[in-house]
Amino acid sequence: MEESIVFFDGPCTLCQKSVQWLARHEKSQSLKFAPLGGVTAKKFLNQALRTPPYEGVVFYHNQTSYTGSKAIVALAEFLNPPWSFLMRQCPHWGYQMVAKNRTRIFSQNIACEWRPDLKNRILD
């Protein structure tokens, strides 16, 4: 079975909201989500990708790890239009700016309340 997992900074509020946004706009409910500091990350990602401070999102698909803006572009194929097109336009500098400042701009939320339909897609 092909794994498609979006790894995110667990306590980051922007990251949690991004997971919820992706789940709402994907074509099929095939994506799974897991915190970078969790058990699933240890299974699929190398040490550098799961060592804080996290640089941003990591998308694991077809046994390949995509990071940052490359992860956003790779996720585009899973989304409905117009989001699939817009995600492919993600500039590297724009992603870097948001990722670098996300904890200053957005709060930290250790315990996120996931929607019931999303809970079974959140891995440890």
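Two strands count as paired if DSSP finds at least two bridges between them. I also kept in mind that helices (H or I, at least four residues) and strands (E, at least two) are DSSP runs numbered from the N terminus.

**Ground rules.** This is a predicted model, where local features need pLDDT of at least 70 and side-chain atom pairs count only at pLDDT 80 or more, while totals for chains, interfaces and linings use all residues. Residues are numbered from 1 along each chain as its sequence is written, and side-chain values use heavy atoms, with hydrogens and water left out.

**The sheet.** I looked up the strand order and got β2-β1-β3-β4, an open sheet of four strands with mixed pairing. β2 (32-35) and β4 (64-67) are the edge strands; each has a single partner, so one side of each has no neighbour in the sheet. On average, neighbouring strands here are turned by 25° against each other, direction ignored (axes are lines fitted to C-alpha atoms, for helices over the stretch in contact, and angles run from 0 to 180 degrees between N-to-C directions). I then checked β1 against β2: they run parallel and are joined by four bridges. Phe8 sits opposite Pro35 in β2.

I tested its length next.

**Largest pocket.** A pocket is an open set of points on a 1 Å grid over the protein atoms alone, where a 1.4 Å probe fits, with protein on both sides within 12 Å along at least five of seven lines; lining residues have an atom within 4 Å of a point. The largest one holds about 530 Å³ (the space filled by probe spheres set on the points, which are joined across faces, edges and corners). It has 21 lining residues, with Leu14, Ser18, Val57, Ile72 and Tyr95 closest to the centre. α1 gives the largest share, six residues. I counted classes as 17 nonpolar, three polar and one charged (Ala, Val, Leu, Ile, Met, Phe, Trp, Tyr, Cys and Pro are nonpolar, Asp, Glu, Lys and Arg charged, the others, Gly among them, polar).

**Second largest pocket.** I found a volume of about 300 Å³. Of its 19 lining residues, Tyr54, Glu55, Gly56, Thr67 and Gly68 lie nearest the centre. Here α5 supplies the largest share, five residues.
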